[in-house]
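Open the model in your viewer and keep the selection panel within reach. We will go from one selection to the next, with a short note on what is there at each stop.

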Amino acid sequence: MEKIASFTVDHLRLLPGVYLSRKDQVGDGVVTTFDLRMTRPNQEPVMNTAEVHTIEHLGATFLRNHREYGSRVVYFGPMGCRTGFYLLLAGDWTAPQIVPLMVELFTFIRDYQGEVPGASPKDCGNYLDMNLGMANYLARRYLKEVLCCITPERMTYPE
């Protein structure tokens, strides 16, 4: 079988960042997939499932309720390798265009306190696997080390 596109990225050189992963034609429109890489693959520890799950709940809730982008969100969820998240948006987008949205999103997660949306046995299949404190910490780190000072090399996959 032919490798899928995400397996052709050099994960040994990949830095945390906001990457345009792919654009797919779906019907008459385009769906743009972004790679929101929060940790350096194969160089630093992956995120634990509890904080990934918390970021997923907070991120999906924030994005789907966003005044400008909410109707364009197709999916927000974790990568299986637990080094980041995928964001799929309806439309033809670039990484620099969505950085302001990512700053909003991760500021929301960094500052969030209280009950995690959907973290109940009725709403979630694994509601006990949550860690808000670590989700806050990881969002703060991503904002400080990546989003606040993002450079072109953190928006373009390494060759």
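## Stop 1: helix H1

Select helix H1 and colour its buried residues: Ala-50, Glu-51, Val-52, His-53, Thr-54, Ile-55, His-57, Leu-58, Gly-59, Phe-62 and Leu-63. Buried means under 20% relative accessible area, exposed over 50% and partly exposed in between, with a 1.4 Å probe and protein chains only. Helices (H or I, at least four residues) and strands (E, at least two) are DSSP runs, numbered from the N terminus.

A word on the ground rules: this is a predicted model, in which local features need pLDDT of at least 70 and side-chain atom pairs count only at pLDDT 80 or more, while totals for chains, interfaces and linings use all residues. Residues are numbered from 1 along each chain as its sequence is written, and side-chain values use heavy atoms, with hydrogens and water left out.

Now show what covers the buried residues of H1: the cover includes strand E3 (73-78), strand E4 (84-90), helix H2 (95-111) and helix H3 (132-145). The 16 residues of H1 (49-64) should span 22 Å at 1.5 Å a residue, and the end C-alpha atoms are 22 Å apart, which agrees. The expected span is 1.5 Å times one less than the number of residues.

## Stop 2: the largest nonpolar core

Pick Ile-55 and list its contacts (heavy atoms within 4.5 Å). Leaving aside neighbours within four places in sequence, Ile-55 is in contact with Met-38, Ala-60, Phe-76, Phe-85, Phe-106, Ile-109, Ala-135 and Leu-138.

Which residues touch the most other members of the largest nonpolar core? Among its 38 residues they are Val-18, Leu-36, Ile-55, Leu-87, Ile-98, Met-102 and Phe-106. Two or more residues each come from strand E2 (29-37), H1, E3, E4, H2 and H3, and H2 gives the most, with eight. Apart from this core lies another, of five residues, including Val-9, Leu-14, Leu-15 and Tyr-19. A nonpolar core here is a set of buried Ala, Val, Leu, Ile, Met, Phe, Trp, Tyr and Cys residues joined through side-chain atoms within 4.5 Å.

## Stop 3: helix H2

Buried in H2 are Ala-95, Ile-98, Val-99, Leu-101, Met-102, Leu-105, Phe-106 and Ile-109; their cover includes E1, E2, H1, E3, E4 and H3.

## Stop 4: the strands around E2

Move to E2, where seven of the nine residues are buried, so this strand is largely enclosed by the rest of the structure. Strand E1 (17-26) runs antiparallel to E2, joined by nine bridges, and Arg-22 stands opposite Thr-33 in E2. Strands count as paired if DSSP finds at least two bridges between them. Two residues lie between the strands in the hairpin of E1 and E2, where Gly-27 takes a positive phi near 60°. E2 is also antiparallel to E4, through seven bridges; there, Phe-34 stands opposite Leu-87.

## Stop 5: two single residues

Select Asn-136, in helix H3. Is Asn-136 buried or exposed? It is buried, at a relative accessible area of 7%. Not counting residues up to four places away in sequence, Asn-136 touches Ile-109, Arg-110, Tyr-112 and Gln-113.

Finish at Pro-158, in the segment after H3. Pro-158 counts as buried at 19% relative accessibility, and beyond four places in sequence it touches Asp-10, Arg-13 and Leu-14.
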